[in-house]
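Colleague: I am new to this structure and would be grateful for a guided introduction. May I put some questions to you?

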Amino acid sequence: QKKKWEPIDPVLDLLDTLGFYIKADQISDAVMHQHFYYWIRGYWLSARSYIEAWQSKPHEGPRWEHIETLFDATCEVECSNAKTTKARERGIDIDKFLDEEIRNIEDAR
C-alpha cells in the first residue's frame with residue numbers, strides 16, 4: 001500500500017507547508033480557502049488514512065502535521081460562506097475527486 005500512495009507525497013508536503021503558514025498566521029484562512037480549498041479537502045480526505053499511518057509510526061518524526069489544521073481552518077470558511085457543515089464537507093465523493101484529478105493530469109499531457 002505504501003508504494004501505491006508514495007506519488008502523492010509531494011502534494012502532501014505542499015499542503016503541510018500551507019498548513020504551517022496558516023498556523024503561523026502568515027496567510028489568512030480566507031485567502032487559503034479561496035485559492036486551494038477544493039484540493040485541500042480532496043487530498044486530505046483521500047489520503048487521511050495514509051497520513052495517519054505515517055504519523056502512527058514511532059520512529060518517524062512529525063510528518064504532515066499541519067494538513068488537518070489547514071483543512072479545519074479552510075473548512076470553517078467554506079461552512080460560513082456556503083452554509084454547509086463540516087460533516088457534509090467530510091462526506092464528499094472521494095472517488096469522483098480522484099477521477100477528476102486523474103483526468104486533469106491526463107488532459108495536461
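Modeller: The answers that follow concern a predicted model.

Colleague: How many helices and how many strands are there in the chain?

Modeller: From the N terminus on, the elements run α-α-α-α-α-α. The chain therefore has no strand entry in that order, and the count is six helices and zero strands.

Colleague: Which radius of gyration does the chain have, and what would a compact globule have?

Modeller: Taken along the principal axes, the C-alpha atoms fill a box of roughly 40 × 35 × 25 Å. For 109 residues, a compact globule would have a radius of gyration near 13 Å.

Colleague: What percentage of the contacts with a separation of 6 or more joins residues 24 or more positions apart?

Modeller: A contact here means heavy atoms within 4.5 Å. Among the contacts in the chain with a separation of 6 or more, the share from residues 24 or more positions apart is 71%.

Colleague: What percentage of the residues counts as buried?

Modeller: The chain exposes about 7000 Å², and carbon and sulfur atoms supply 52% of that area. A residue is called buried when its relative accessible area is under 20%. Of the 109 residues of the chain, the buried part is 35%.

Colleague: Is L18 buried or exposed?

Modeller: L18 has its place in helix α2. Leaving out residues up to four places away in sequence, L18 touches M32, F36 and L70. Its relative accessibility is 8%, and the limit for burial is under 20%, so L18 counts as buried.

Colleague: How far apart in space are L18 and H66, C-alpha to C-alpha?

Modeller: Along the sequence, L18 and H66 are 48 residues apart. In space, the C-alpha to C-alpha distance between L18 and H66 is 7.9 Å.

Colleague: Where is W64, and is this residue buried or exposed?

Modeller: W64 lies in the loop between α3 (29–55) and α4 (67–82). Phi of W64 is near 55°, a positive value in a residue other than glycine. With a relative accessible area of 3%, W64 falls under the 20% limit and is therefore buried.

Colleague: Which residues is W64 in contact with, leaving aside its neighbours within four places in sequence?

Modeller: The C-alpha atoms of W64 and A47, 17 residues apart along the chain, are separated by 11 Å. Leaving aside neighbours within four places in sequence, the contacts of W64 are D9, L12, D13, D16, Y50, I51, W54 and Q55.

Colleague: K83 also has a positive phi; is K83 buried or exposed?

Modeller: K83 is not a glycine, and its phi is about 55°. Its place is in the loop between α4 and α5 (86–90). The relative accessibility of K83 is 66%, and the limit is over 50%, so K83 counts as exposed.

Colleague: How does A24 count in terms of accessibility, and how far is its C-alpha atom from that of I92?

Modeller: A24 is found in the loop between α2 (9–23) and α3. Its relative accessibility is 34%, between the limits of 20% and 50%, so A24 counts as partly exposed. A24 and I92 are 68 residues apart along the chain, and their C-alpha atoms are separated by 28 Å.

Colleague: Which residues is F97 in contact with, leaving aside its neighbours within four places in sequence?

Modeller: F97 is in helix α6 and counts as buried at 4% relative accessibility. F97 and R41 are 56 residues apart in sequence, while their C-alpha atoms are 9.7 Å apart in space. Apart from neighbours within four places in sequence, F97 is in contact with Y38, W39, G42, Y43 and S46.

Colleague: Which element supplies the largest share of the lining of the largest pocket?

Modeller: The largest pocket holds about 280 Å³ of space. Its lining consists of K4, W5, P7, I8, V11, Y43, L98, E101, I102 and I105. At least two lining residues come from each of α1 (2–5) and α6 (94–108). The largest share, four residues, comes from α6.

Conventions
Residues are numbered from 1 along each chain as its sequence is written. This is a predicted model: local features need pLDDT of at least 70, side-chain atom pairs count only at pLDDT 80 or more; totals for chains, interfaces and linings use all residues. Side-chain values use heavy atoms; hydrogens and water are left out. On a 1 Å grid over the protein atoms alone, a cavity is a set of points where a 1.4 Å probe fits but cannot get out, and a pocket is an open set with protein on both sides within 12 Å along at least five of seven lines; lining residues have an atom within 4 Å of a point. Grid points are joined across faces, edges and corners, and a volume is the space filled by probe spheres set on the points. The radius of gyration is taken over C-alpha atoms; the globule rule is 2.2 Å times the number of residues to the power 0.38. Buried means under 20% relative accessible area, exposed over 50%, partly exposed in between (1.4 Å probe, protein chains only). Accessible areas come from the Shrake-Rupley method with a 1.4 Å probe; for residues, only the protein chains shown count as cover.
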